[in-house]
Amino acid sequence: MQPDKFQITIQLKNELYTLDVSVAPTTDSVDTYICRSANKEVTHVRKDAGMWKQLWGGLDDESIDHIGKEIDKVQAGQIF
């Protein structure tokens, strides 16, 4: 079981960022992940058909892939 809130560290454009991630359940049973940095929302993402997609925010696809891979690690129980 994954936690409802957790942190991930990602590298974006040669800088490390720690994001606070909270899980927001949806009516279609596919969780949305709200990512914040310094208490400001950065992006909302979800995994749809095996691919991470940005629902809200202005990050590029590569950044979303990095965020998604770290969320996958949490889901697999590899990091907390």
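Helix 1 has 15 residues, which at 1.5 Å a residue should span 21 Å. Its end C-alpha atoms lie 21 Å apart, so expectation and model agree. The model is a predicted one. The buried residues of helix 1 fall within an arc of 165 degrees seen down the axis, so they line one face of the helix.

**Helix 1**
- The buried residues are Ser 63, Ile 64, Ile 67, Gly 68, Glu 70, Ile 71 and Val 74.
- Their cover includes strand 1, strand 2, strand 3, strand 4 and strand 5.
- Asp 61, Glu 62 and Lys 69 are exposed, on the face turned away from the buried side.
- Gly 77 follows helix 1 and has a positive phi, near 80 degrees.

- Five strands form an open sheet in the order 1-2-3-4-5, with antiparallel pairing.
- Strand 1 (5-12) and strand 5 (51-57) are the edges, and each pairs on one side only.
- Neighbouring strands are turned by 35 degrees against each other on average, direction ignored.
- Helix 1 (residues 61-75) packs on this sheet, and its direction makes about 140 degrees with that of strand 1.
- Five antiparallel bridges pair strand 2 (residues 15-24) with strand 3 (residues 32-37).
- Ser 22 has Ile 34 of strand 3 as its bridge partner.

**Nonpolar core**
- The largest nonpolar core holds 15 residues; Phe 6, Ile 8, Val 21, Tyr 33, Ile 67 and Ile 71 touch the most other members.
- Strand 1, strand 2, strand 3 and helix 1 supply at least two core residues each.
- Leaving aside residues up to four places away in sequence, Ile 71 touches Phe 6, Ile 8, Val 21, Tyr 33, Val 45 and Trp 52.
- In soluble globular proteins, nonpolar side chains tend to be buried together.

Key
Residues numbered from 1 in each chain as written. Predicted model: local features only at pLDDT ≥ 70, side-chain atom pairs only at ≥ 80, totals over all residues. Heavy atoms only, no water. Pairing = 2+ DSSP bridges. Helix = DSSP H or I, 4+ residues; strand = E, 2+ residues; numbered from the N terminus. Axes fitted to C-alpha atoms, helices over the stretch in contact; angles between N-to-C directions. Contact = heavy atoms within 4.5 Å. Core = buried A, V, L, I, M, F, W, Y, C linked by side-chain atoms within 4.5 Å. Buried < 20%, exposed > 50% of the residue type's maximum accessible area, 1.4 Å probe, protein only. Expected span 1.5 Å × (residues − 1). Arc of directions from axis to C-beta.
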